[in-house]
Amino acid sequence: MKKKHKKDKTKHPYKAKINKFTHTNDTPTLSVCMIVKNEEENLSRVLSSIQGLANEIIVVDTGSTDRTVEIAKSFGAKVYFFEWCDDFSAARNESLKHATCNYIMWLDGDDEFPVSEHNKIKRDLLLKRGDAFYLRIKNNMNGVEDISLQLRVFPNKKGIRFSGRIHEQVSDSVVMAGIKISVSEATIIHHGYFNSEEAFKKLNRNIKMLEKELEKNPDDKNTLFFITRTLRGLNRIDEAECYIDRLIEIGKGDKKFEFSDMFRIAVLEKALILCSKNETREAISFLEKMKMPQGDNPVVFTLGELCYK
């Protein structure tokens, strides 16, 4: 008589199944797309955080030498490989090619999308069908919390692509496709800058890529904006000021850009740079001279705060 072998019920330390939406034919499905390299320390956290949300996980590996690929596969991700070419958009666009669901959410390997946020985005996909969504991105560096908005979810439509060698953006492509953009209450936690030493490495890597991008297109507004912020992060304040001045000067000659969110943020960035140089009065004078739209709350608030100081 043959002995029956008991099944080994020991769970792989990283093993987890993708819990799909309980959905009808009318419920939108979601592909989560990621590009990764040597993320074994972070990957389990982000992949665990999207269980019950993702119908499909696409992971494009750009040359890992650690256990990144093994961990991704243990979560049921579809893993593809892409040779790194110093271009984040090229890698992101490779990940989009493999997505098959109605919507795409893109994440980084050091992101986390808490379970508490799942219902917020599920509700948005149901109630605002066809929209793309800005999500809140929470960063924490040296104990200082920073929250920004980033376009992270959009319909899976042909022709939507990322642009920009670094700090890649999909928003231009989404706008060109005629897709309405909404703001979601959902928040992503980005762990990439929690460690100041790691943040410094990333900023130095980024500045080299931004300089290459600027050589190719010296007046690109996105590149000028992000090189300013990167230089400020590296405490290269005078260089940062030169670039933000250039961006604002270009913006003054472009009526459409002059009323954009980026132009408002650029104005605030300039004021922040002046304050970091202990030139608060100059910052006040600058904000007062800028002809911002009436009721522009962030600029008015900043002006009031500086006057109080």
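Modeller: A residue is called buried under 20% relative accessible area, exposed over 50% and partly exposed in between, with a 1.4 Å probe and protein chains only. The model is predicted, so local features need pLDDT of at least 70, side-chain atom pairs count only at pLDDT 80 or more, and totals for chains, interfaces and linings use all residues. Residues are numbered from 1 along each chain as its sequence is written, and side-chain values use heavy atoms, with hydrogens and water left out.

Colleague: Why is Phe162 called buried?

Modeller: Phe162 has a relative accessible area of 5%, and the limit is under 20%. Phe162 therefore counts as buried. Phe154, at 1%, is buried as well.

Colleague: What makes the pair of Phe154 and Phe162 edge-to-face?

Modeller: Rings of Phe, Tyr and Trp (its six-membered ring) pair if their centres lie within 6.5 Å; planes under 30 degrees apart are stacked, over 60 edge-to-face and the rest tilted. The centres of Phe154 and Phe162 are 6.3 Å apart and their planes stand at 75°, so the pair is edge-to-face.

Colleague: Why is the pair of Phe225 and Phe226 given its class?

Modeller: Their ring centres are 5.2 Å apart and their planes at 70°, so this pair is edge-to-face. Both Phe225 and Phe226 are buried. The structure holds four aromatic pairs, and Trp106, Phe154 and Phe162 form one aromatic cluster.

Colleague: How do you know that Arg152 lies over the face of Trp106?

Modeller: The criterion is NZ of Lys or CZ of Arg within 6 Å of the ring centre and within 35 degrees of the ring normal. Arg152 lies over the face of Trp106, at 3.9 Å from the ring centre.
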